[in-house]
Amino acid sequence: MSFRYVAKTTSGGIVRGELNADSRSEALHSLSKQSLFPIKVEPTKKLTGGRRVRNRDVALFYSNLADLLEGGVPLVRSLELLVGRSNSNSLTSVIGEIRVGVANGQNMSAAMREHPAAFDSFAVNIVKAGEKGGFLEESLSSLARFTERNEELRSRVFGAIAYPAFLLFAGSLQLIALLLFFVPRFQVIFDRLEKRGDLPAPTVLLLGMSEFIQEHWLVLIGLTTVLVVYAWSWLKTDSGRYAWDLCRLKLWGIGSVSRQFASARFCHILGTMLQNGVPIIDSLEVSRQVTGNRVMSDAIKTASASIASGNSLAAPLANSGQF
């Protein structure tokens, strides 16, 4: 783990620099050995954005860690071994910081949550379920398989939509060029045909669009920019994320797939936790967080409240209409 420091020398001078240590106390001890008097010591910024870790590297980390834990190697020692085995510089630093956090008494899921660029909320909640239920190795193995399958699916989807997306983009550019540059050159001819009543309705519409774009193109660009920025900001709010999750469940073709993915995640974690003796209320609270969809998570939360009141699980899930 890297620390930035500001310290005084024995002669009263100020020095600044960086050093590597497993904890802040160790960093302070290292500075005192150098006859430096620390003024400020703080960890360097963690990997929270910018360079993302490749999913394939993360999947390999899950798989290797699960193998080491199944072999009886303690968690801190397993993480220490994986720091030296990772081929990704960015992931190596993340694993190192997770090891320090776990060594200092932090749960692995909490340590992972501090690195959203490497571990998404789904992965964090799966590990949290494994910690709570005592099946961390199984959780990590499932995560490795899921990440590998997800990466393969993503590659297939990207390959399938890349060419149509390129055609859509190129076609849009051609349409804009047509309306802005090509149609105005024939405006005189079109005006004569319109006076004679020989101009078809689609052509009249095309001419109107061309004229509107030419006169208001600055307004259109500004309006589009404002709408995109507003939509992006709104989707980051609680209401925006909820609306987007609801939309994903209702989209034709995509909705059923999203619902099945979320249901499979929920059922897998819930079943595993119950099998390991975790009470059903606690199991529901953890497993609802791995659905990746707030609408379904809220439905499970309502079902959990129903169980706490002495009712069954099936009825509230059925009444929610999400299962």
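In the predicted model, helices α3 and α4 cross with left-handed geometry. Helix α3 spans residues 75-85 and helix α4 residues 89-103. Their axes come within 9 Å and cross at roughly 160°. The pair is therefore roughly antiparallel, since angles over 145 degrees fall in that class. On the α3 side, the contact is made by Leu-75, Val-76, Leu-79, Glu-80, Leu-82 and Val-83. Helix α4 contributes Thr-92, Ile-95, Gly-96, Ile-98, Arg-99, Val-102 and Ala-103. By class, the contact holds nine nonpolar, two polar and two charged residues.

Asn-89 also belongs to α4. Its relative accessibility is 66%, so Asn-89 counts as exposed; the cut-off for that class is over 50%. Asn-89 and Val-53 are separated by 36 residues in sequence. In space, their C-alpha atoms are 9.1 Å apart.

Nonpolar side chains tend to be buried together in soluble globular proteins.

With residues up to four places away in sequence left out, Phe-61 touches Leu-79, Leu-82, Leu-91, Ile-95, Met-108 and Phe-119. Of these partners, Leu-79 and Leu-82 also take part in the α3 side of the contact with α4, and Ile-95 in the α4 side.

Ser-139 touches Ile-126 and Gly-130, not counting residues up to four places away in sequence. Phe-158 likewise lies in α7. Phe-158, however, has a relative accessibility of 57% and therefore counts as exposed. Phe-158 and Trp-252 stand 94 residues apart in sequence. The C-alpha to C-alpha distance between them is 19 Å.

Helix α11 packs against α10 and α12. Helix α10 (residues 238-250) meets α11 at an angle of about 110°, with the axes 5 Å apart. The two helices are therefore roughly perpendicular, a class that runs from 65 to 115 degrees. Arg-248, Leu-249 and Lys-250 of α10 contact Ile-254, Gly-255, Ser-258 and Arg-259 of α11. This contact has two nonpolar, two polar and three charged residues.

Helix α12 covers residues 280-287. It packs with α11 at an angle of about 150°, and the axes are 9 Å apart. That angle makes α11 roughly antiparallel to α12. The crossing is right-handed. From α11, the contact involves Phe-266, Ile-269, Leu-270, Met-273 and Leu-274. From α12, the partners are Ile-280, Asp-282, Ser-283, Leu-284, Val-286 and Ser-287. Eight nonpolar, two polar and one charged residues make up the contact of α11 with α12.

Notes. Residues numbered from 1 in each chain as written. Predicted model: local features only at pLDDT ≥ 70, side-chain atom pairs only at ≥ 80, totals over all residues. Heavy atoms only, no water. Axes fitted to C-alpha atoms, helices over the stretch in contact; angles between N-to-C directions. Helix = DSSP H or I, 4+ residues; strand = E, 2+ residues; numbered from the N terminus. Parallel < 35°, antiparallel > 145°, perpendicular 65-115°, else oblique. Left-handed = near helix turned anticlockwise from the far one by under 90°. Contact = heavy atoms within 4.5 Å. Nonpolar A, V, L, I, M, F, W, Y, C, P; charged D, E, K, R; others polar. Buried < 20%, exposed > 50% of the residue type's maximum accessible area, 1.4 Å probe, protein only.
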